[in-house]
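Here is a friendly walk through a two-chain model. Take a look at the sequence and the structure first, and then we can go through the parts together.

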Amino acid sequence: MLAALAAGWLLLAVALVVTMSRSAIRQTGSNHVNVQAALGLIGAGQTLCQGNEIVPAGTAAVRAYLSPTAAENGTTTVTVRADASGAIVARGAATPGPSRDSITIPVRPVVRDETPASICIATTGGSPLAIGGEPSARPATIDARPLAGDLRLVYLEPRAESWWSFLPTVVARMSAGSRWSGAQAALCVLLLSLAAAGLASWQLARQRR
Amino acid sequence: MSAGATEAPRGRTRPALPRPLASLARAGSRVPRAALVCALAATLNAAAWSLITVPFEIPDEYSHYSYVEYLVAHGRPPAPSPIRWSPSLEAVIRDLDTERVVGEPRNGTIWNRVERRRLVRDLARVRGRDGSGGSLSDIPEPPLYYALETVPFAVANGGDVLDRLELMRLLSAVIAGGTVLGVFLFLREALPAHPWAWSVGALGVAFLPLFALMGGGLNPDNLLFAISAAIFFMLARSFRRGLTTRRAVAVGALLGLGFMTKMNFVGLAPGAILGLFVAAAWEQRSLRLRTFRLPLLGLAVAAAPILIVTALNVFAWERPVFGTGLYSASAGHPTVSQALIYIWEFYLPTLPGMRQLTAWSFSTWSMWFKGFVGGFGWFDTSFAPWVYDVALIPALIVLTLALATLWRHRATVRGRLAELAVYATLAAGIALLVATASYNLYARRLGGAAEARYLLPLIPLYGGMLALATRGAGQRRMRLVGTAIVMLAIAHNAFGLLLEASRYYA
């Protein structure tokens, strides 16, 4: 009985360690815009700008929800321009990759601080790109002409990392607006769930019949 | 000096409790410690879920918050009116970007400093509590759960929306513990031979992620689950030990409380009422008018609160007589054959030649099994597809073992067919209610109501299945299988918590 419980806990611990050790490129943030509609097309030589963005610290790539309408791919460039100073804080270029609904564009340098900014995207050559986003009152623009809505943007970290190394970021993001810090909330969740599971194991072990 | 005082023991004396309270205290002291441990584990686990789940990311949570807020402000439940969130609630929903996080698993909660600062500022600055009391589908719901939630709301009165919500979620977690207590007691009565299996069934429920998710949220479903578990327990007790006046009154009171909790209770009522009558007839082995004295007493007890709330709805609160939510509103252009096909497809695979009305050709798998294993948040958060395929293996093993137990003890099963028929009626009632409500929405072109949580009032039967599977392993392997079931539930729960963390914070 105790051996079965111990084996169960050991297996659970191994499964958790394996899961937490898996690496992937994580988000630093997104603009929460959902892809509900094609807002229009951006063609070669045009510039699509999305204002009112907050580019998170640590951002090393911008994923824009732009999907190629044909096979020929041009180059897509992105600039991150700070609202406060008007300076370009990061820029980059890429050709559309295997994803059919978005283009991930690495930017340099890595954005050091959280920056209110405008994201501008231009294409050179290739087929037009369909713009994915949702209707809004303060929409994105193409060559200063307002579109019907906002473009979905996701910001990414520079390299893949495991859940272990990403854990401090996850914890810091918890309990927004709460009186507790993320660390306090995470510790509480851990202690509560461990106490619950510990009680359950104790109950199984102590009951004789 | 009175005789009572003369007979009191020397030393410290306890003040005498009023008789009903003393009787409750006596009943409480008879609850096995194992049941209390299982209930405590469930409460702690639900509290963990309440902390990890972003505010208002439990289905309809802001509507329920609004109902409680209205109840506190006006001392009465809301009357149907256009939706208007209070300024403080609206500010939090807006600042958390709730509308864009719900339904879009790629959107976590707010992470950046600008958004978080705005939330903190609005929590402190926007304090208005004047709202309409929730959405039109929730306002007709009865007020009992919301009335209970006014207590934590009042305790955190000086705090902000998130303080109040967290305390209200904690009360739900305590209620979830009550549900698990009810499941344990039900198993003790229904499967008395192997006490160890009671803990397995109750703990399996406590660590079911969907149950814990709901237990960590502000939602009247939680009280409905607890009342349902208590009804299963009382009926099992009545079948095993006989229907006494006290038990008939208890079932009646639970019926009344159920109707004052959530309209979905309508689905459980036929089974509970049938249970009262069958238990009475079973005991007396006759069908004389006198046989039904106790069931009728139970129904009278049930009727009292229902009549009071109905009268208040009509004469004082300007509310619908008794709910006009999704379940009683008339459908668009329903036909009996269409309704039957819909109800079939709602739970079972579409048969050859059958017109497909629901969105799934195999709802048993896509909707119910997957939803039960893991459909969190507003059912927009799920495990990787392979998890559900793998989960099918232990699910089938548990089901096979449970069925094997029933087969091995078929003589006992035959002797308890009436009792089993009552449980089947309870299950069928809920299943039919949810399917009918969903069909009602379908006929009005408003989507559907296929959510696994709606079947959670039947959670005692799930606990029963786990306990039966434990017994099905035989005397020698029972402990091994029971431990495996609980450890699997704990692992399932742990990965559910990780999934929630990755959904909202990564």
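## Sheets and strands of chain A

Six strands of chain A form an open sheet in the order E8-E7-E10-E4-E12-E13, with antiparallel pairing. Strand E8 (88–94) and strand E13 (145–146) of chain A each have a single partner strand and stand at the edges, so one side of each is left without a neighbour in the sheet. Strands here are DSSP runs of E with at least two residues, helices are runs of H or I with at least four residues, and both are numbered from the N terminus. Two strands count as paired if DSSP finds at least two bridges between them. Strand E12 (residues 141–142) of chain A is joined to E13(A) by 2 bridges, and the two run antiparallel. Within that pair, A:Thr141 stands opposite A:Pro146.

Another antiparallel pair in chain A is strand E5 (residues 61–64) with E9(A), joined by 4 bridges. There, A:Val62 sits opposite A:Ile105. In a regular strand the side chains alternate between the two faces of the sheet. Strand E9 (residues 103–106) of chain A has A:Ile103 and A:Ile105 on a covered face, with A:Thr104 and A:Pro106 on an uncovered one.

## About the model

This is a predicted model, in which local features need pLDDT of at least 70, side-chain atom pairs count only at pLDDT 80 or more, and totals for chains, interfaces and linings use all residues. Residues are numbered from 1 along each chain as its sequence is written, while chains are lettered from A and ligands numbered from 1 in the order in which they are written.

## Overall form of chain A

Chain A holds 3 helices and 16 strands. Its radius of gyration is 23 Å, well over the 17 Å that the globule rule gives for 209 residues, so chain A is more spread out than a compact globule. That radius is taken over C-alpha atoms, and the rule is 2.2 Å times the number of residues to the power 0.38. The C-alpha trace of chain A spans about 75 × 40 × 30 Å along its principal axes.

Chain A is divided into domain 1 (27–156) and domain 2 (163–187), with bounds that come from an automatic or database domain assignment. The C-alpha centres of domain 1 and domain 2 of chain A are 29 Å apart. Of the 209 residues in chain A, 33% are buried. A residue is buried if 20 or more other C-beta atoms, placed from the backbone, lie within 10 Å of its own; it is exposed if there are 12 or fewer, and partly exposed in between.

## Helices of chain B

Chain B has 22 helices and 0 strands. For 506 residues, a compact globule would have a radius of gyration near 23 Å, and the 24 Å of chain B agrees with this. Its C-alpha trace spans about 75 × 65 × 50 Å along the principal axes, and 51% of the 506 residues count as buried.

How many of the 21 residues of H12(B) are buried? The number is 19, so H12(B) is largely enclosed by the rest of the structure. Helix H12 (residues 221–241) of chain B should span 30 Å at 1.5 Å a residue, and its end C-alpha atoms are 30 Å apart, which agrees. The expected span is 1.5 Å times one less than the number of residues. After H12(B) comes B:Gly242, which has a positive phi near 100 degrees.

Helix H15 (residues 293–315) of chain B has 23 residues and reaches 32 Å from first C-alpha to last, close to the 33 Å expected. Buried residues in H15(B) include B:Leu294, B:Pro295 and B:Gly298. Helix H13 (245–259) and helix H14 (269–284) of chain B are among the elements that cover the buried residues of H15(B).

## Where the chains meet

In total, 48 residues of chain B are in contact with 39 residues of chain A, where contact means C-beta atoms, placed from the backbone, within 7 Å. On the side of chain B that touches chain A, the largest share, 14 residues, comes from H22(B). The residues of that side divide into 34 nonpolar, 7 polar and 7 charged. Here Ala, Val, Leu, Ile, Met, Phe, Trp, Tyr, Cys and Pro count as nonpolar, Asp, Glu, Lys and Arg as charged, and the others, Gly among them, as polar.

B:Tyr505 lies in helix H22 of chain B and is buried, with 22 other C-beta atoms within 10 Å. Leaving aside neighbours within four places in sequence, B:Tyr505 is in contact with A:Val170, A:Arg173, A:Met174, B:Gly108 and B:Thr109. B:Tyr505 and B:Gly108 are 397 residues apart in sequence, yet 5.7 Å apart in space, C-alpha to C-alpha.

Definitions and conventions: Contact = placed C-beta atoms within 7 Å.
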